[in-house]
Amino acid sequence: MITFLLSLVALVLGYVVYGRFIERVFGPDDRVTPAVEKADGVDFVVLPNWKIFMIQFLNIAGTGPIFGAIMGAKFGPAAYLWIVLGCIFAGAVHDYLSGMLSMRNGGAGQPELIGRYLGDSTKKVMLVFSVFLLMMVGAVFVYSPALILGKMCSDDLLWVYIWCGIIFAYYFIATMMPIDKIIGKIYPLFAISMLFMAVALMVVLFVKWPTLPELYNGLSGEGFTTPIFPALFITIACGAISGFHATQTPLMARCVKDEKMGRPLFYGAMITEGLVALIWATVSMYFFYGGAAQELGQPLSLQAPEVVTAVSQGWLGTFGGILALLGVVAAPITSGDTALRSARLIIAEFIHLEQKSIMKRIWICIPLFGVTMLLLFYNIENPDGFNVIWSWFGWSNQTLAVFTLWAITVYLVREQKPYWVTLLPALFMTVVCSSFFMVSKNSLGLDIMVGYGVGGAALIIAVAWFFTWKSKIAKS
């Protein structure tokens, strides 16, 4: 628990100290924001700051900081280091600067921003890449709450399909409705529920004060043999850094009235997500390594959704368990609908189709939902479908973060600002993603040393490319 306490303090200090430094690097000012300049009553709508924070937190959270932290906890105390350092120096920086750049560029979506700073060809690749990622998010974030809700009704798989249908119907409505009609009204309530769950579990941890693996005992979990690098950095994404967030920040960048609110809204929401991931990582270490599984009468082989159900009901009682499960169920549902909303807006932005007309929104949503449903069907019918899609989602997610970080780095160089704040995480994540693609059993499945070699080569190429380009920029 000592490592957990120090990690909590570090995240808070990270927001106060490093978050303020990053804010000074960007330099928010009093210019008119897109929410005011381009108000359309559908996607560009001024919202209260507290609502934007709650919606942003719920948009980026989903099941990522919960399921990812549960699976990542098996790696041992190294998960603490990645959540804290990744969140402060990579994830929160990524979210804040992508949100602020979106505001500075008229509320532009993530592919549009990448195209502006990395070129039109990269923009087209990222458009396809990001839309596919968002559809995977929609599929994964339908299945996990449907599985939990279905298990609460019956062990019959039919109930999982029924809940998938109900959630999809909600998705379709929420994706097309003006942002302040559904999202602006119910998201803050769900965000409060998710935060209640995290705080309640933290209180239980303090009461029980279990003996857990600590950083001073080593990085790895006892008996867990999967190499920490690069797998840990893909498994825990949303609690540390996530490219998915760059597709979500423009949604709220279109609703912010004052640029100076960017740090609490974007950097702060990511730090909050890191706190949630930290709590669930600690709960999971207690479950896998501290004896909680035996206390709850559960096997160590439980999958992430089942761990959530067992811990919530076993520790918080009936009422607390329902509220906690509501937070876990609401988070993925609400991230799923905003993922598909982002996909709609990205496609509309690319084909220059205005979205004030509901019929034009429907034209984009029908094929979008059709492909998402096919991914969902594979997820349910394939026994290993969830793990396969999660693995591809994790890699795609982090690869998207790589491109976003490189785009921000180019912006910082051009503006003669301290570019190293995104260059270092961009280089690190470039190595992680290239290595993981080589060694993952769901991609090439090569030997780990081959992955390390390819990652090292990617690092050398990226450094050479960047400083060659920077030299040309300086001369011009």
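Predicted model: local features only at pLDDT ≥ 70, side-chain atom pairs only at ≥ 80, totals over all residues.
## Exercises on helix packing and burial

**Exercise 1.** How do the axes of α6 and α7 lie to each other, and which residues make the contact?

*Step 1.* Helix α6 (residues 110-118) and helix α7 (residues 120-153) have axes that come within 7 Å and cross at roughly 160°. Axes here are lines fitted to C-alpha atoms, for helices over the stretch in contact, with angles from 0 to 180 degrees between N-to-C directions. Helices are DSSP runs (H or I, at least four residues), numbered from the N terminus.

*Step 2.* Now classify the angle: under 35 degrees is roughly parallel, over 145 roughly antiparallel, 65 to 115 roughly perpendicular, and the rest oblique. α6 and α7 are therefore roughly antiparallel.

*Step 3.* From α6, the contact uses Gln110, Pro111, Glu112, Ile114, Gly115 and Leu118, and from α7 it uses Asp120, Thr122, Lys123, Met126, Leu127 and Ser130. Contact means heavy atoms within 4.5 Å.

*Step 4.* Sorted by type, these residues are five nonpolar, four polar and three charged. Nonpolar covers Ala, Val, Leu, Ile, Met, Phe, Trp, Tyr, Cys and Pro; charged covers Asp, Glu, Lys and Arg; the others, Gly among them, are polar.

Residues are numbered from 1 along each chain as its sequence is written, and side-chain values use heavy atoms, leaving out hydrogens and water.

**Exercise 2.** At what angle do α9 and α12 pack, and what types of residue form their contact?

*Step 1.* The axes of α9 and α12 are 10 Å apart, at an angle of about 45°. The two helices are therefore oblique to each other.

*Step 2.* On the α9 side, the contact residues include Met194, Leu201 and Lys208, and on the α12 side they include Thr272, Trp280 and Tyr286.

*Step 3.* The contact of α9 with α12 divides into 12 nonpolar residues, two polar and one charged.

**Exercise 3.** Is Tyr267 buried or exposed, and what is it in contact with?

*Step 1.* Find Tyr267 in helix α12 (residues 262-289).

*Step 2.* Tyr267 has a relative accessible area of 0%, so it is buried. Buried means under 20% relative accessible area, exposed over 50%, and partly exposed in between (1.4 Å probe, protein chains only).

*Step 3.* Setting aside neighbours within four places in sequence, the contacts of Tyr267 include Tyr15, Tyr18, Ile88 and Tyr96. The C-alpha atoms of Tyr267 and Gly91 are separated by 8.3 Å, although these residues are 176 apart along the chain.

**Exercise 4.** How many residues of α3 and of α17 are buried?

*Step 1.* In helix α3 (residues 49-61), 10 of the 13 residues are buried, so the helix is largely enclosed by the rest of the structure. Among them are Ile52, Phe53, Gln56 and Asn59.

*Step 2.* Helix α17 is mostly covered, with 16 of its 20 residues buried.

**Exercise 5.** Where do Trp209 and Gln416 lie, and what is the phi of each?

*Step 1.* Trp209 belongs to the loop between α9 (183-208) and α10, and its phi is near 45°, a positive value in a residue other than glycine. Trp209 is partly exposed, at 43% relative accessible area.

*Step 2.* Gln416 sits in the loop between α16 (385-414) and α17. Its phi is positive too, about 55°, and Gln416 is exposed, at 75% relative accessible area.
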